[in-house]
Amino acid sequence: MFEIVFFGTSASAPSIQRGLSSQAVLAGEYRFLIDCGEGTQRQILRSGIGFKRLNRILLTHAHLDHILGLGGLVSTFARWESIETLDIYGSRTTLDRVHALLYNVVLGYERLPVQINLLELKPGLILETKEFTVSAFPVTHRGSGSFGFIFQERQRRPFLVEQAAALGVPAGPERGRLVAGDSITLDDGRVITPDMVLGEATNGATLVYIGDIGRLDNVRQYVEGADTLVIESTFLDQDAETAARFGHITARQAAELAREMGVRSLILTHVSRRYREAQVIEEAHSVFPDTFVARDLDHYSIRRGKLAEKLTREDTRARNIAPTSEE
Ligand SMILES: [Zn+2]
Ligand SMILES: [Zn+2]
């Protein structure tokens, strides 16, 4: 399961209701901030999840509505939070701009006790754990060196409880070892291998995140079969020409992509203040009913084969990681 918390869902400039682009993907112990528009740090506080472990930042591209909040966030991390290293991932173009912002301005006048690693993205794997992988793929958006991200849970093999009981595997830590891939020896000397008690592998959940995008034909393969696709919908169909001119898409185009590629749920973000939210929902729903339009501080869970589920503010606050003695 993955979760996504939206901090800012506006396009280009903030509105009264919507801040600039930023969201966090929660994956087990890991947290990833995707983009960091101006105002993000206050939205993180308002959401209640806190700054803890938010030390990996994935940047879709270099436009200011996606990166300007980094200056303030880094300054706060360095002064107030126990975050010692910060990994910032982006294309070369994006990192050049982030470097100028952080090193010429924020860190240009004083040394701050935070180590910043600027990590250049290439298409492919970014990070893998026992539970999931994160990878990047190229996105076309005004030639700015943009990337989208795929969060993919690893395949799982269910533990066949009845089979295990029939073989005499006791309830207890032995079962955990079998699930982890180790064979065990029973008291009577029989060896039980994982294959004897684990079922067919099933895929885990897939979350695909795409920020600003002007062309959909070259990302179809990455989107195919996703449980949830998060993508911009800056314009409505009535302004499709303007959308194309500025390297953006419409709500209808996003919905068509989701429908054609067998996506389970679609979450639209990067909403322009030109339109009312109801117009965006109506246009997308006419093509793809399982569409949500994200609002600031919305929180969704993403599970394999299920619709994205909207969680409550209480759920979001419950994700706050209280400092522990080891940290
Ligand atoms: Zn943008
Ligand atoms: Zn942009």
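In this predicted model, the 4 donor atoms around the zinc ion (ligand 1) subtend angles of 91 to 166°, and the arrangement therefore counts as irregular, since four donors are called tetrahedral only if all angles lie between 85 and 135 degrees. Those donors are supplied by Asp 65 (OD), His 66 (NE2), Asp 212 (OD) and His 270 (NE2), which coordinate the ion at 2.1 to 2.2 Å. Water is not among the atoms, so the site may look incomplete. Along the chain, the donor residues follow the spacing D-H-x145-D-x57-H.

Because His 66 belongs to helix H2 (residues 64-67), whereas Asp 212 sits in the loop between strand S12 (206-209) and helix H8 (220-223), the pair ties together parts that are 146 residues apart in sequence. Both His 66 and Asp 212 are buried.

The largest nonpolar core has 32 residues, among which Ile 210, Val 223, Leu 229, Ile 231 and Leu 268 touch the most other members. At least two residues of this core come from each of strand S8 (132-139), strand S13 (228-232), helix H10 (251-260), strand S14 (265-269) and helix H11 (277-285), and H10 gives the largest share, with 5 residues. Val 223 shows how such contacts reach along the sequence: leaving aside neighbours within four places, Val 223 is in contact with Val 208, Ile 210, Leu 229, Leu 257, Met 261 and Val 263. A second, separate core of 30 residues includes Leu 26, Phe 51, Leu 59 and Val 74.

Since 6 of its 6 residues are buried, S2 is largely enclosed by the rest of the structure. Both of its faces are covered, with Ser 22, Ala 24 and Leu 26 buried on one side and Gln 23, Val 25 and Ala 27 buried on the other. Strand S1 (residues 2-8) runs antiparallel to S2 and is joined to it by 5 bridges, with Val 25 of S2 as the bridge partner of Ile 4. S2 also pairs with strand S3 (residues 30-36), again in the antiparallel sense, over 6 bridges, and here Gln 23 stands opposite Ile 34 in S3. The hairpin of S2 and S3 has 2 residues between the strands, and in it Gly 28 takes a positive phi near 60°.

How values were computed: Residues numbered from 1 in each chain as written. Chains lettered and ligands numbered in written order. Predicted model: local features only at pLDDT ≥ 70, side-chain atom pairs only at ≥ 80, totals over all residues. Heavy atoms only, no water. Core = buried A, V, L, I, M, F, W, Y, C linked by side-chain atoms within 4.5 Å. Buried < 20%, exposed > 50% of the residue type's maximum accessible area, 1.4 Å probe, protein only. Helix = DSSP H or I, 4+ residues; strand = E, 2+ residues; numbered from the N terminus. Contact = heavy atoms within 4.5 Å. Donors = N, O, S within 2.8 Å, 3.2 Å for Na, K, Ca; no water. Tetrahedral: all angles 85-135°; square planar, octahedral: opposite > 155°, others 65-115°. Pairing = 2+ DSSP bridges.
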